[in-house]
Structures are given as structure tokens and as C-alpha cells.
Amino acid sequence: QMNQFLFLLSILTYILCVISTDDDLSARIFLYKVSASNPVVEGKDFVISYQLYNNGDASALKIEIADRYDINSFEMIENVTEDGSVSFSLDELSPGSHALFQVTIRPKLHGIYESTRARIKYYSGLPGYDDLAEGIRSGSSTSLGRTRILSLADYNKSVSYYIKEWIFFIVGYAL
């Protein structure tokens with residue numbers, strides 16, 4: 001009698017688990033903000049990559065990325081407006097795929113730069129939904145953290161030290 005009860009209870013539990021697991025297909029986008037320049041030097045190009053990964057089960061639709069840079073600290077070079085705004089859009093990102101966007105700015109000052117986080121908004125491509133408002137998602141990127149911007153003089157000193165070292169090595173080896 002007890003075995004039958006446990007057997008029926010386990011079957012009922014299994015059925016409830018199967019019913020309760022919804023097959024919610026949704027997009028999950030991860031946005032990474034990464035420095036492609038090392039070291040970052042005052043007056044030289046500073047390339048920042050925005051890497052998107054769709055780790056979900058459905059396509060992400062109408063993806064919008066926004067970020068901002070201080071016009072007093074940076075000269076805007078590529079994919080940045082004169083007021084320091086960054087804006088990228090992508091119509092669709094399939095499950096398991098990725099995309100890459102890059103901006104180029106040029107630091108006007110040396111010191112420590114505290115990075116901001118980019119904002120992302122997208123619609124989770126839920127099948128059968130005509131109204132995209134139900135599948136709206138938003139979030140923010142990772143941050144570069146604190147990035148040291150070298151002065152041009154410090155950078156030239158560090159580079160010229162290695163050049164002198166190699167010259168002494170070559171001359172010493174030749175003798």
C-alpha cells in the first residue's frame with residue numbers, strides 16, 4: 001500500500017515537473033566592453049571594443065547600444081559623435097552568435113580614467129509574439145574599470161629605454 005502511494009506520488013511529481021517547465025525561448029545577450037589598446041597613451045588612439053554574445057535560445061531583435069565619452073577628456077575619432085555619444089544598432093543576433101563594434105577615441109589628458117558602462121536594449125525573439133513589448137530586455141555592459149592613461153613623455157621614456165637596451169645588446173654582441 002505504501003509502495004503504491006510512493007509510486008503514484010513520484011508519477012504525479014514527474015507530471016507536475018514536466019508541465020511546470022515552460023519552454024520559454026528567450027535571448028540572453030551579454031555585452032562586454034574591452035580595451036583593444038595597451039597601453040593607453042595621451043594623444044594616441046584608444047580603441048574600445050563592444051562584444052555582444054547571444055547566449056539564449058532565441059534571436060535577439062532590434063538591439064540598441066548606447067554609451068558616452070567626456071568631450072573634455074577625449075577627442076572623438078571613429079564611431080563616436082562630436083558630443084561623445086556612441087550608438088550602435090543591430091537588427092538581429094541569432095542564438096549562439098556574436099557581434100563586435102569598435103570605437104576609437106584619443107585621450108586629451110593623462111591619469112586614471114574611470115570607465116562608464118554601456119546600456120543595451122533589445123527584444124527577446126519569442127516565437128508567436130506579435131507584440132514585442134512583452135519581450136523587451138535591458139541591461140548594461142561590463143566596465144573597463146580604472147584605466148591608466150600614460151602621458152606621452154612617460155610612454156616615450158619607457159619605449160626609448162627598450163630601444164637603447166637593444167642597441168647596447170646588438171653592439172655588445174657584435175664585438
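Predicted model: local features only at pLDDT ≥ 70, side-chain atom pairs only at ≥ 80, totals over all residues.
Residues are numbered from 1 along each chain as its sequence is written, and side-chain values rest on heavy atoms, with hydrogens and water left out.

The protein contains two helices and eleven strands; here helices (H or I, at least four residues) and strands (E, at least two) are DSSP runs, numbered from the N terminus. Along the sequence, the pattern reads α-β-β-β-β-β-β-β-β-β-β-β-α. Of the 175 residues in the protein, 31% are buried, where buried means under 20% relative accessible area, exposed means over 50%, and partly exposed lies in between (1.4 Å probe, protein chains only).

Four strands form an open sheet in the order E6-E4-E9-E10, with antiparallel pairing. The edge positions belong to E6 and strand E10 (136-140), each with a single partner strand, so one side of each has no neighbour in the sheet. From one strand to the next, the twist averages 15°; for such angles, axes are lines fitted to C-alpha atoms (for helices, over the stretch in contact), and values run from 0 to 180 degrees between N-to-C directions. In general, strands of a sheet pair through backbone hydrogen bonds, either parallel or antiparallel. Two strands are taken to pair if DSSP finds at least two bridges between them.

Strand E4 (residues 60-68) has partners in this sheet that can be followed residue by residue. With E6, strand E4 pairs in the antiparallel sense over eight bridges, and Ala60 stands opposite Leu93 in E6. Five bridges join E4 to strand E9 (residues 119-124), again running antiparallel. In E9, Tyr123 is the bridge partner of Leu61, while Lys121 stands opposite Glu64.

Turning to the aromatic side chains, the structure holds five aromatic pairs. Rings of Phe, Tyr and Trp (its six-membered ring) pair if their centres lie within 6.5 Å; planes under 30 degrees apart count as stacked, over 60 as edge-to-face and the rest as tilted. One of these pairs, Phe74 and Tyr113, is edge-to-face, at 5.0 Å centre to centre with 80° between the planes. Phe74 lies in strand E5 (residues 74-78) and Tyr113 in strand E8 (residues 111-114), so this pair ties together parts that are 39 residues apart in sequence. Phe74 and Tyr113 are both buried.

The pair of Phe88 and Phe101 is stacked, because the ring centres are 4.5 Å apart and the planes stand at 20°. Phe88 belongs to strand E6 (residues 85-93) and Phe101 to strand E7 (residues 98-107), so the contact ties together parts 13 residues apart in sequence. Phe88 is buried, with a relative accessible area of 10%, and Phe101 counts as buried at 16%. Ring pairs also link Tyr50 with Phe88 and Phe101 into a cluster.

Tyr32 is found in strand E1 and is partly exposed, with a relative accessible area of 35%.
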